[in-house]
Amino acid sequence: MVLEKKVSARVEAGQRRVLDEATRQRRLTRQLEALEKDNFQDDPLSSLPPPGPTARLPAFSETEEPEKKKRKTRGDHFKQRFRKNFTTLLEEENLSEKPEPNYLSAAAPPSSLPPRHFCCVCGFPSHYTCTTCGGRYCSTKCLSTHRETRCLKWTL
Amino acid sequence: MATLVLDNGACTAKIGYSQEKVSVIPNCQFRSKTSRLKTFTANQLDEIKDPSGLFYILPFQKGYLVNWDVQRKVWDHLFGKEMFKVEFPDTSIIITEPYYNFTSIQESMNEILFEEYQFQSALRINAGSLSAHHYFQTKPLQLCCLVVDSGFSFTHIVPYCRSRKMKEGICRINVGGKLLTNHLKEIISYRQLHVMDETHVINQVKEDVCYVSQQFYKDMEVAQLKGEENTVMRDYVLPDFSSIKKGFCKPQEEMVFSGKYKTGEQILRLANERFAVPEMLFHPSDIGIQEMGIPEAIVYSIQSLPEEMQPHFYQNIVLTGGNTLFPGFRERLEEDLRSLVPAHLPVSVLLPANPICYSWEGGKLLAHNPDYDEMVVTREDYEENGHCICEEKFDI
């Protein structure tokens, strides 16, 4: 049996990939954006084959006139302008040119308290930082779990 | 003439006639795995026998109404024969909107209320203004009040002086119930069981077991202990939607500390998750959101106001919105404020009996106010003057 010698984290750090500050920030932004999602699964409806005769049409019938969209008639109040997402609406408000206070100026400023650190594996207070991604961990056990699972997740 | 009060929240609509009681109804549509072709609207949620993997279609994004298609369907259902049977030409509506609502959303709202539904008259107002109205009605001697509204999309802190909102003091923290549920889902999925698709179930877990810690680091220590000493730990029995319709917390005397149950139920074991999740309202920086927590933001908001008014605000803080229902929320907030506010100023935080419907009840009171008719815009006014009259009269 070969005994593996434990390498010190600091020594080992020199050989590992280290993410720069910008990448770490991007990772965090993506994590936070994920927390805004309504659903993580696919729409159950989208997993069904398209209903009606279109599904049964043979593949070579391309010469046929494409079926006109039926939905168009239903209520003309659903105009294009009722179909904008939050980001577009915010841009259109053009708030940077409007007098304060406005939506942007109302956001709470950063806290004056120092940030607290928690292990990204178990959630308990942590004292150590992963050299690769900057994530926090509390023990070697959590560090190895972190490296195996999360360390470079959300990285592009 | 009837007055319909609709507190149109991003997660639930609080709706009812001003003479009657309030109903809390999901303000969204659902699709389920079991009946994939059907879309369920609002309280049709109850018809879904197996709401696992429930798919949400929400009309709101970050607290602002963007998907009118969905919103119309929900309103059609609420106003229609099955529910409130609204006689539009003979009905006035009080409807709520978020602070700093975008101009285009406000205009769409006018059009839909007056042109599509043809309400006799309408009053568009911030939910917080209704809460403040409620507060001043119950405490007529007070001049100022600070509304803390912690809802699904975000948390707002808004000072009101004699029912006028003080715009310069409005402060928004981008932490709400949706973020808390999603975060809980995320950490449970990472630590023990994949539940990313189970928003509906995990939201219930959050409501059933989460609480606001009074001594955060102390609770952290307790949550790390083994066996019976760990008084924070709870085992939550997940619903299977056949024999267990609704999840619940295992009674402490039935808890098996090894975690090996013979009953075959699916168990979630929760320890620090119980209080670390609501803690984000107090320290958003814990998950990397660079914003103040609620106590700090309250002080920040109040300090932006004239000095002679500040003591009045600290004494009249009122909590509304679903997040304030976490056990210990009020006590913790008062405690944290006490340590931030100068010692000679008294601090008082009120948690109403029903913080979710507090603003709806304020709307109900407002509908019976003698000045109400002066505040609304009638359909004739709107047809004559268009959006201008709404912009003039409504303070959004």
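## Helix α3 of chain A and the residue after it

In this predicted model, A:N94, which comes just after α3(A), adopts a positive phi of about 55 degrees. Within α3(A) itself, the buried residues are A:F86, A:L89 and A:E93. Viewed down the axis of α3(A), these buried residues fall within an arc of 65 degrees, and they therefore line one face of the helix. An α-helix has 3.6 residues a turn, so residues three or four places apart point the same way.

What do the buried residues of α3(A) pack against? Their partners belong to chain B, namely β7 (60–61), β8 (64–65) and α2 (103–116) of that chain.

## The interface between chains A and B

The contact between the two chains involves 54 residues of chain A and 60 residues of chain B. Together the chains bury about 5,500 Å² between them, and 57% of this area lies on carbon and sulfur atoms.

Between chain A and chain B, 24 residue pairs are in polar contact, counting pairs with both residues at pLDDT 80 or more. On the side of chain A that touches chain B, the elements that give two or more residues are α2 (21–34), α3 (86–93) and α4 (140–149) of chain A. The largest share of that side, four residues, is contributed by α3(A). Sorted by class, the side of chain A that touches chain B has 29 nonpolar, twelve polar and 13 charged residues.

B:S32 sits in the loop between β4 (29–31) and β5 (40–41) of chain B. Is B:S32 buried or exposed? Its relative accessibility is 0%, and because buried means under 20%, B:S32 counts as buried.

The side chains of B:S32 and B:T34 are joined by a polar contact of 2.7 Å, while a polar atom of the B:S32 side chain lies 3.4 Å from the backbone nitrogen of B:S35. When residues up to four places away in sequence are not counted, B:S32 touches B:F40, B:I48, B:D50 and B:L54 in chain B, together with A:P44 in chain A.

Conventions: Residues are numbered from 1 along each chain as its sequence is written. Chains are lettered from A and ligands numbered from 1 in the order in which they are written. This is a predicted model: local features need pLDDT of at least 70, side-chain atom pairs count only at pLDDT 80 or more; totals for chains, interfaces and linings use all residues. Side-chain values use heavy atoms; hydrogens and water are left out. Contact means heavy atoms within 4.5 Å. Buried area is the accessible area (1.4 Å probe) that two parts lose on being put together, summed over both. A polar contact is a pair of N or O atoms within 3.5 Å; within protein, one must be able to donate a hydrogen and the other to accept it, and residues adjacent in sequence count only if both atoms are side-chain atoms. Ala, Val, Leu, Ile, Met, Phe, Trp, Tyr, Cys and Pro count as nonpolar, Asp, Glu, Lys and Arg as charged, and the others, Gly among them, as polar. Buried means under 20% relative accessible area, exposed over 50%, partly exposed in between (1.4 Å probe, protein chains only). The arc is that of the directions from the helix axis to the C-beta atoms.
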